[in-house]
Amino acid sequence: MQDTVLGKSGGFAIIAGSILLFVYSALFTVLLPIGHGQYDFVQVVLNPNWTRLALIALLGILLMMIGFYTVYERLRVNGGLVAALGFLFIELAYLLQACKVTWELFVYPVLATHTHSAFILGDGILKQDPAVTMFRTISSLTILIGIILFCLSLYRSGKFPKTAAILIFIGALVYGLGPLLSLYASIAGILTLAIGCAMLGVRLFKPQAV
């Protein structure tokens with residue numbers, strides 16, 4: 001009974017979380033004044049939709065953390081060290097992403113609102129700061145390591161569809177490379193990842209096989 005409740009809760013969390021992240025990614029280019037070339041980042045942050053989208057992203061990340069915990073609960077017995085490390089890195093990656101979104105939600109609007117601090121965003125000073133650059137690099141590495149190890153555990157476990165592991169891996173890879181390609185590549189990557197996560201969620205709704 002407890003396993004069924006945990007599985008259904010985790011299944012809902014990972015499906016809802018992945019959908020919210022896809023909605024965030026898809027609406028980012030639609031609701032914000034980004035255009036197709038150079039844009040004023042300060043004006044983007046001042047747009048009312050910036051805060052709404054950041055809230056969607058934060059909720060999606062928190063739900064994904066719950067969902068991946070439930071997935072790991074089913075991998076834990078037979079998954080071994082690879083599954084444990086994959087879970088650790090993927091949870092750390094989402095935690096760091098949540099920290100980043102809290103900046104976007106609470107700090108960026110304050111900086112953008114005041115003329116004496118707006119240049120920190122507009123001139124890219126914050127983005128280019130060595131400490132912030134290191135934070136982003138570490139965040140990207142934890143995502144990469146976590147996705148590789150966790151998807152490997154999913155693929156080998158036999159408790160989840162192998163297709164789900166493949167889709168999550170491809171989706172995360174395409175999403176990560178998206179900024180080097182185009183915004184549409186990022187959207188396609190997060191959609192692929194969401195489909196893979198939805199498959200995990202559907203399996204979590206079913207009782208765990210003994």
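**Labels and cut-offs**

Q: What makes R76 and E73 a salt bridge?
A: Their side chains meet at 3.5 Å, N to O. The term asks for a side-chain nitrogen of Lys or Arg within 4 Å of a carboxyl oxygen of Asp or Glu, so the pair qualifies. Bear in mind that this is a predicted model, where local features need pLDDT of at least 70, side-chain atom pairs count only at pLDDT 80 or more, and totals for chains, interfaces and linings use all residues. Residues are numbered from 1 along each chain as its sequence is written, and side-chain values use heavy atoms, with hydrogens and water left out.

Q: Where do R76 and E73 sit in the fold?
A: Both lie in helix α3 (residues 48-113), three residues apart, about one turn of the helix. Helices here are DSSP runs of H or I with at least four residues, numbered from the N terminus. In general, an α-helix has 3.6 residues a turn, so residues three or four places apart point the same way.

Q: Why is R76 called partly exposed?
A: Buried means under 20% relative accessible area, exposed over 50%, and partly exposed in between (1.4 Å probe, protein chains only). R76 comes out at 43%, so partly exposed is the label.

Q: How many salt bridges does the structure hold, and which residues make the one with K100?
A: There are two salt bridges. K100 pairs with E104, their side chains meeting at 2.7 Å, N to O. These two also lie in helix α3, four residues apart, about one turn. K100 is buried, and so is E104.

Q: What makes L105 buried, and what is it in contact with?
A: L105 has 9% relative accessibility, so it counts as buried. This residue lies in helix α3. Leaving aside neighbours within four places in sequence, L105 is in contact (heavy atoms within 4.5 Å) with T51, A54, L55 and L58.

Q: How do you know that A112 is buried?
A: Its relative accessible area is 5%, which is why A112 gets the label. A112 lies in helix α3 too. Setting aside neighbours within four places in sequence, it is in contact with V42, V45, L46, A118 and L121. F169 is another matter: A112 and F169 are 57 residues apart in sequence and 36 Å apart in space, C-alpha to C-alpha.

Q: Why is S139 called buried?
A: S139 has 3% relative accessibility, so buried it is. It lies in helix α6 (residues 130-157). Beyond its neighbours within four places in sequence, S139 is in contact with A93, L96 and Q97.

Q: What makes S139 and Q97 a polar contact?
A: The side chains are joined at 2.8 Å. A polar contact is a pair of N or O atoms within 3.5 Å; within protein, one must be able to donate a hydrogen and the other to accept it, and residues adjacent in sequence count only if both atoms are side-chain atoms.

Q: How does the length of α6 compare with the one expected?
A: α6 has 28 residues and reaches 40 Å from its first C-alpha to its last, close to the 40 Å expected at 1.5 Å a residue. The expected span is 1.5 Å times one less than the number of residues. At the start of α6, a side-chain oxygen of D129 reaches to within 3.0 Å of the backbone nitrogen of A131. After α6 comes G158, whose phi is positive, near 80 degrees.

Q: Which residues form the nonpolar patch on the surface?
A: Among them are L141, Y155, I166 and F169, and the whole patch has about 940 Å² of accessible area. The elements giving two or more residues are α6 and α7 (162-181), and α7 gives the most, with six. Patch residues need over 30% relative accessible area and no salt bridge; nonpolar side chains (Val, Leu, Ile, Met, Phe, Trp, Tyr) are joined within 5 Å, like charges within 9 Å. Accessible areas come from the Shrake-Rupley method with a 1.4 Å probe; for residues, only the protein chains shown count as cover.
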